[in-house]
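Keep the viewer open as you read.

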There are 4 protein chains.
Amino acid sequence: MVGGGEGAYIGGIHRFAARLDNHYDLVAGAFDVDAERGHSFAAKNFIDRDRSYGDYLGMVTGERTRDDRIDVVAICTPNHTHFPIAKAFLEAGFDVICEKPMTTTVEDAIALHDLGQSTGRFLGVTYTYSGYPMVHEARAMVARGDLGKVRVVQVEYPLEWMATGIELQGNQQAAWRTDPKKNGRGGSIGDIGTHAYHLAGFVTGLKAEAVAADLATFVEGRALDDNAHVMIRYEGGARGLLWSSQVAIGQSNGLRLRVFGENGSLAWHQEQPNELVFTRLFGAPETIKRGRDDLTDGARVRTRTPPGHPEGYIEAFTNLYSGFAAVIRAKESGAPAGSFGEGIPSSYDGLKGVAFVDAVVDSHEKHNGGWLPLQFA
Amino acid sequence: MVGGGEGAYIGGIHRFAARLDNHYDLVAGAFDVDAERGHSFAAKNFIDRDRSYGDYLGMVTGERTRDDRIDVVAICTPNHTHFPIAKAFLEAGFDVICEKPMTTTVEDAIALHDLGQSTGRFLGVTYTYSGYPMVHEARAMVARGDLGKVRVVQVEYPLEWMATGIELQGNQQAAWRTDPKKNGRGGSIGDIGTHAYHLAGFVTGLKAEAVAADLATFVEGRALDDNAHVMIRYEGGARGLLWSSQVAIGQSNGLRLRVFGENGSLAWHQEQPNELVFTRLFGAPETIKRGRDDLTDGARVRTRTPPGHPEGYIEAFTNLYSGFAAVIRAKESGAPAGSFGEGIPSSYDGLKGVAFVDAVVDSHEKHNGGWLPLQFA
Amino acid sequence: MVGGGEGAYIGGIHRFAARLDNHYDLVAGAFDVDAERGHSFAAKNFIDRDRSYGDYLGMVTGERTRDDRIDVVAICTPNHTHFPIAKAFLEAGFDVICEKPMTTTVEDAIALHDLGQSTGRFLGVTYTYSGYPMVHEARAMVARGDLGKVRVVQVEYPLEWMATGIELQGNQQAAWRTDPKKNGRGGSIGDIGTHAYHLAGFVTGLKAEAVAADLATFVEGRALDDNAHVMIRYEGGARGLLWSSQVAIGQSNGLRLRVFGENGSLAWHQEQPNELVFTRLFGAPETIKRGRDDLTDGARVRTRTPPGHPEGYIEAFTNLYSGFAAVIRAKESGAPAGSFGEGIPSSYDGLKGVAFVDAVVDSHEKHNGGWLPLQFA
Amino acid sequence: MVGGGEGAYIGGIHRFAARLDNHYDLVAGAFDVDAERGHSFAAKNFIDRDRSYGDYLGMVTGERTRDDRIDVVAICTPNHTHFPIAKAFLEAGFDVICEKPMTTTVEDAIALHDLGQSTGRFLGVTYTYSGYPMVHEARAMVARGDLGKVRVVQVEYPLEWMATGIELQGNQQAAWRTDPKKNGRGGSIGDIGTHAYHLAGFVTGLKAEAVAADLATFVEGRALDDNAHVMIRYEGGARGLLWSSQVAIGQSNGLRLRVFGENGSLAWHQEQPNELVFTRLFGAPETIKRGRDDLTDGARVRTRTPPGHPEGYIEAFTNLYSGFAAVIRAKESGAPAGSFGEGIPSSYDGLKGVAFVDAVVDSHEKHNGGWLPLQFA
Ligand SMILES: NC(=O)c1ccc[n+]([C@@H]2O[C@H](COP(=O)([O-])OP(=O)(O)OC[C@H]3O[C@@H](n4cnc5c(N)ncnc54)[C@H](O)[C@@H]3O)[C@@H](O)[C@H]2O)c1
Ligand SMILES: NC(=O)c1ccc[n+]([C@@H]2O[C@H](COP(=O)([O-])OP(=O)(O)OC[C@H]3O[C@@H](n4cnc5c(N)ncnc54)[C@H](O)[C@@H]3O)[C@@H](O)[C@H]2O)c1
Ligand SMILES: NC(=O)c1ccc[n+]([C@@H]2O[C@H](COP(=O)([O-])OP(=O)(O)OC[C@H]3O[C@@H](n4cnc5c(N)ncnc54)[C@H](O)[C@@H]3O)[C@@H](O)[C@H]2O)c1
Ligand SMILES: NC(=O)c1ccc[n+]([C@@H]2O[C@H](COP(=O)([O-])OP(=O)(O)OC[C@H]3O[C@@H](n4cnc5c(N)ncnc54)[C@H](O)[C@@H]3O)[C@@H](O)[C@H]2O)c1
């Protein structure tokens, strides 16, 4: 693992996710931008001292030559470092699990994606929400035609935590997220809009063709958008709205997706992730619960407990990790990755996400909110 | 009453609304485009035969000269007839309660608004949802600063009932709503988007300055939009999204408003209209119920039952009617209209609504979705 | 109308209910225990001075001899007065709509029920909640076998408003409700438990056979129970719990019914009365909305607006009133009362309710909570 | 681990719980009543062959003499085997984590509890739901007086899965649960009622003094109750209802607790475990979310993710396991167990649960539903 040290947010979730299904052992890391802090963190986490590295380059060098070298590295650092770190590990022949957004520029994203392809290493991106079983169920339902042709795709991801200028009050996570150099061009749209965008495409299977956007910065002095409104046109004529916000008071982690087709609709809300509301044309809304026997394979393999025994965010993340494991093992063995490998967010998904953010910012900044086509979709 | 005959939708609601608070007697009407059907409907509704008119012109003529002439007429006909009917009654010296959208063109709307002003007659427009007590509470909370400066305004009005081509299967209401000549230029945006737009402005007190829109028609052969996505910019920098849809399977009458300010947020959903969810910055969401003693005046005068005894759509419509009565009486008596008259949707609101629809359609049709300023706001 | 004067609660609801469907005119009354206050209230309500009576006996005398005498009287006074007032009107040949509980003793209830039968007058009791369309739908679903044989019936009616000793702080409604002489023996169980009991029987069609109860009084100095727990055994082996409480903080008017059968279950909550949740054995919960075309007759005739346009408490009360009207007219005309007359709460229902309260109090007070059979069921 | 082999339910959850917080390694087991199946399961789970035992006695013998002997054993077998297995491990000097109900008779429960005391070994019982952070928050709120004196305690635990005779159709879990010899005297009340009973006591801190119960068996041929209604009297005058059901169609795992005090109320629902609804006297209901900074210590130490990132059943179970670890370590080290050790379900809780079930069955079977005092509370 690179990053994810003391006081970091997402690294800890990666560690839970690696552990829960028992597919991974955490044996090495460069956990912190501050080498000393990283070592002390490593010690607390039962990492051998000689595999706690002062920085990621040291880790690449150190691990590459070991017999028991790591199989895969998880990159849990701020956005701007994803590219050099991932590049270094790929080039050294390691598989890589990279946090989103994959990079901060489209150029880097293309380069990284290509590098993954050319090295033949695995490069996955942690679009967390595609790990939820009911998101897989939704995807399968759309694919199987339960909704008919998709017409409207509404997705939103509002958050409250940056509603005030906490980046000036010592909040580590907010600090780099509001710094264009570390975060990239897209504020809320890059940080969470990219999740929403991936979710919408993941469930509907539709490619977005063009975006028209209106960005805003509400907290004074902030350099990046903290609220984004995006109109989206999908292939085949479907239309969508995407809203991301870091200033939405009352919204803890309010990712919601609604898909409307010719014959039915689906609604999923991340804060009640064990349920999917499905309504057939002129029918009564049905609440479909995770864990039911009659769900599709994709949902069933990603479930650990019966209906009514809630699973959550850590389990979703675990599903990603177990999916990465399945794909990596399949790559080694040549055997198929099975249900668990299906829909795993790849470096191409990472590239699409970065390109989406870029187009959204361009629409707003350079085209006065006018429609811009998406390069990668 | 003009319109609202056998098989009509909204006329019956007007009659409930007129009756519930006992401010009105229904004594005359031209209830149907078909005179005979109108008479037979009138008979069933205890209207004297000589006050059941074959058409609205006959009604104007017949009523104008009676000693016991009507005080006010309710216009419950399809959109394209609002203008001539309202004009005739205003010119004849009657007060008018007109259905939305007030007219089908901006020119007509300006003319009608001016006519109301110049004749000194009352001309109100039935933006139903502003009759709900918790909508008044929301408005008062914003006005009193509970949310601080408003940043984001999300409003949506999705419906299912026109998800298929029912206009070709004999549905009377869908038939004229999909006919540009009778309905006006805006399909979903004119029929229901206009409600959403009014609600957002009513609660926030903000003027919309510009719109950028993406319209779509999903049901084959339909001449007007049945889905509209609109980005809105409000004065003072607030941003909004508005979604109206007639093809949203699973949504019965899904009008929802969410307002996010610097210090708090509000959410209201028309299908659970007795509640308002208010969240203070970093606070726990509070569910505020209609009927509480500590609500503001505007909510309290519009309430008939204690908390937990649900009131609904008919009561909201009644509140509009009782508000119209208060304003009309105040006009006659010179006394103030009181809380009940506060916020009554006026002909200027009607004009704003028509202008909004026009700008939305223009943005989409003539400016490729680009930003257009609003003329009346 | 008797009772329902200035500051009274339920009388005003009766007046809305009488007006909304246009089946009644309010023309006479003895509105208040204080004659003067009653007259002044009558004046404000457009009642002719000579039909505003100083007391109910005066009203019986005054109305009985008029040509335009009232058809039916509504009794909206505290419980202990229902018996003498209803008796006087029935004996004088008037139809009677009586508030619940019908009387304060079983003896009176038997006598009143018998008097209704022997005089041939209509005597209905306002079990409000049986007026809701979705309650009728639930009843029809059970009757048609959608749930299979009923096994478990859970009903509860918790309220907050008497959680403190408001009867000592000038609250008129609480004052007589906590006075055994005016209220009868059952505190919460008589006031609201009786509604819950009727609802459970109404929907399931099951007769209760025996009860075992635990009553409590939590507010100091209160003479009657303010919380009641009752175990119920129904014919055919079904079992139930009933909870009524006047001290349940956070519960505005929390009447809820859940019925579990061999093949399905139903849930209804009075605060969201437009929905019914139905679950088939091992199926996904379906949310059935009022106003759908495919509902049963009993629900459809009691509905005024399409799905998503909420109806509430006043509409439910109106449905009772319109049902009373249908039954009374049918009685006059000899024609059938139709769907609207179906399930109208009768004096026998009133008697059953009083007998239930009596048995519950006896179980607790005289049998240490042991099982007692119900006399009338 | 004893039990929890191929096709078993709860053993797998124990393994997740042991792993997630990294306090345990699973190194030995007698996983199955069938030794061969147990070995093959052990192999799949990376257990050394010589530590996969044919039965629990072999495991006691085998482990007791090893240098690297296990620290603690988890008993995940059907109810009737808990006693002999726990006894054997305690006597051999192992700490024990035992599934609920601790034993099938009160005598055994007393004996086991005493054995735990006399050996000085740890003996904990997995009352799963007390692992949820918001349950700890609720408990802390009651203890700190947020609700004032508790008046009413409503708890229910309805399930659907045994609504038909699945025990005759090869369902392993249902088979032993409906066999009095393996399950003990209480059907639904022993299986899930005991969870509800513990939860109510855990949150309120109140001792139950007496119960009066009505049991029913709805599925034909079943030997034990599948539905139980219990009235409870708590010390200090609080009253409660407890409902457990295995035939409640539509209820996946519907454990719900509501506590009403003099000054406020609390509601918690296991299927939405990240929220607690708190209402102050005459206040607006507040939805308190897990993960907030202002929660009490007990909730905060049991939380891994921020608000809006749902945690669930596995995390709750993990919290129990980490609590057991804290208590066991504290016992070894003499240092205090800290927040994580607080409220850990002990063998005395296990004994109380078994005594509760016994009293409920006795009330129903021997006292015709009359009140029975509880021996251990
Ligand atoms: N998938 C999701 O849902 C999700 C959620 C949150 C964050 N993220 C992503 O995870 C990444 C990290 O976000 P966070 O909120 O955890 O950030 P954070 O600030 O909490 O943690 C970043 C960690 O990286 C370390 N670090 C920084 N530079 C480093 C370097 N050069 N070498 C080694 N370590 C370095 C820091 O010391 C810190 O420990 C971001 O890319 C973010 O977008 C994804
Ligand atoms: N405020 C709201 O929430 C709301 C809701 C629904 C409809 N509306 C508006 O109400 C109006 C009517 O809609 P509806 O759905 O009730 O339509 P409808 O088709 O159900 O009814 C229209 C009625 O008008 C009569 N009519 C038509 N032309 C007439 C004429 N020239 N003279 C007399 N009567 C005539 C018809 O015979 C019919 O009875 C529309 O403007 C609509 O936008 C408002
Ligand atoms: N159906 C329901 O859901 C429902 C709801 C509330 C009340 N109720 C019932 O309605 C009845 C009235 O309750 P309330 O809460 O409205 O009481 P209230 O105290 O608010 O009103 C009682 C009214 O009766 C008048 N009154 C008293 N004695 C009278 C007499 N002898 N003659 C004429 N008028 C007299 C009082 O002056 C007052 O106007 C009770 O029986 C109660 O149980 C039913
Ligand atoms: N805490 C909770 O929420 C919860 C939930 C479910 C079950 N439980 C409890 O867990 C226990 C097991 O329930 P389950 O549903 O997992 O049962 P199960 O039938 O699914 O599994 C029982 C397992 O025990 C094994 N087994 C039986 N006898 C054995 C023996 N003598 N030696 C070794 N292994 C043996 C079986 O082979 C099987 O693997 C029960 O006591 C039950 O009440 C608790």
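Predicted model: local features only at pLDDT ≥ 70, side-chain atom pairs only at ≥ 80, totals over all residues.

As for bookkeeping, residues are numbered from 1 along each chain as its sequence is written, chains are lettered from A and ligands numbered from 1 in the order in which they are written, and side-chain values use heavy atoms, with hydrogens and water left out.

Back to ligand 3. Side chains get involved too: an N or O atom in the side chain of C:Asp32 is 3.0 Å from a ligand 3 oxygen, and a polar side-chain atom of C:His82 is 2.9 Å from an oxygen of ligand 3. On its own, ligand 3 exposes 840 Å², and the protein buries 93% of that (accessible areas come from the Shrake-Rupley method with a 1.4 Å probe; for residues, only the protein chains shown count as cover).

What surrounds ligand 3? There are 27 residues, and the closest are C:Tyr9, C:Ile10, C:Asn79, C:Thr128 and C:Gln173; a residue is near a molecule or strand if one of its heavy atoms lies within 4 Å of it. By class, that shell has 12 nonpolar, 11 polar and four charged residues. The classes work like this: Ala, Val, Leu, Ile, Met, Phe, Trp, Tyr, Cys and Pro are nonpolar, Asp, Glu, Lys and Arg are charged, and the others, Gly among them, are polar.

Strand 1 (2-3) and helix 7 (172-177) of chain C each supply at least two shell residues for ligand 3, and helix 7 of chain C gives the most, with four. Helices (H or I, at least four residues) and strands (E, at least two) are DSSP runs, numbered from the N terminus. Where does ligand 3 lie relative to the domains of chain C? Domain 1 (2-128) and domain 2 (132-303 + 347-366) both give residues to its shell, so ligand 3 lies between them; the bounds come from an automatic or database domain assignment.

## The other two sites

Now for chain B. Among the 27 residues around ligand 2, the closest are B:Ile10, B:Asn79, B:Glu99, B:Thr128 and B:Gln173. Its shell has 12 nonpolar, 11 polar and four charged residues, and helix 7 of chain B gives the most, with four residues. Ligand 2 lies between domain 1 (2-128) and domain 2 (133-306 + 347-366) of chain B, because both give residues to the shell.

In chain A, the nearest of the 27 residues around ligand 1 are A:Tyr9, A:Asn79, A:Glu99, A:Thr128 and A:Gln173. Here too the class breakdown is 12 nonpolar, 11 polar and four charged residues. Domain 1 (2-128) and domain 2 (130-305 + 348-366) of chain A each give at least three residues to the shell.

| Ligand (oxygen atom) | Side chain (polar atom) | Distance |
|---|---|---|
| ligand 1 | A:Asp32 | 3.1 Å |
| ligand 2 | B:Asp32 | 3.0 Å |
| ligand 2 | B:Trp176 | 2.9 Å |
| ligand 2 | B:Tyr313 | 3.5 Å |

Taken alone, ligand 2 exposes 840 Å², of which the protein buries 92%.

## Domains and chains

The C-alpha centres of domain 1 and domain 2 of chain A lie 26 Å apart. Their contact (heavy atoms within 4.5 Å) takes 22 residues from domain 1 of chain A and 24 residues from domain 2 of chain A. Together the two domains bury about 1,900 Å², 59% of it on carbon and sulfur atoms; buried area is the accessible area (1.4 Å probe) that two parts lose on being put together, summed over both. On the domain 1 side, A:Lys100, A:Val106 and A:Tyr127 lose the most area to domain 2 of chain A, together 33% of what that side buries.

Between chains B and C, 29 residues of chain B are in contact with 29 residues of chain C. About 2,500 Å² is buried between these two chains, with carbon and sulfur atoms giving 56%. In chain B, B:Arg19, B:Leu20 and B:Pro310 lose the most area to chain C, together 22% of what that side buries.

Conventions. Polar contact = N/O pair within 3.5 Å; in protein donor to acceptor, adjacent residues only side chain to side chain.
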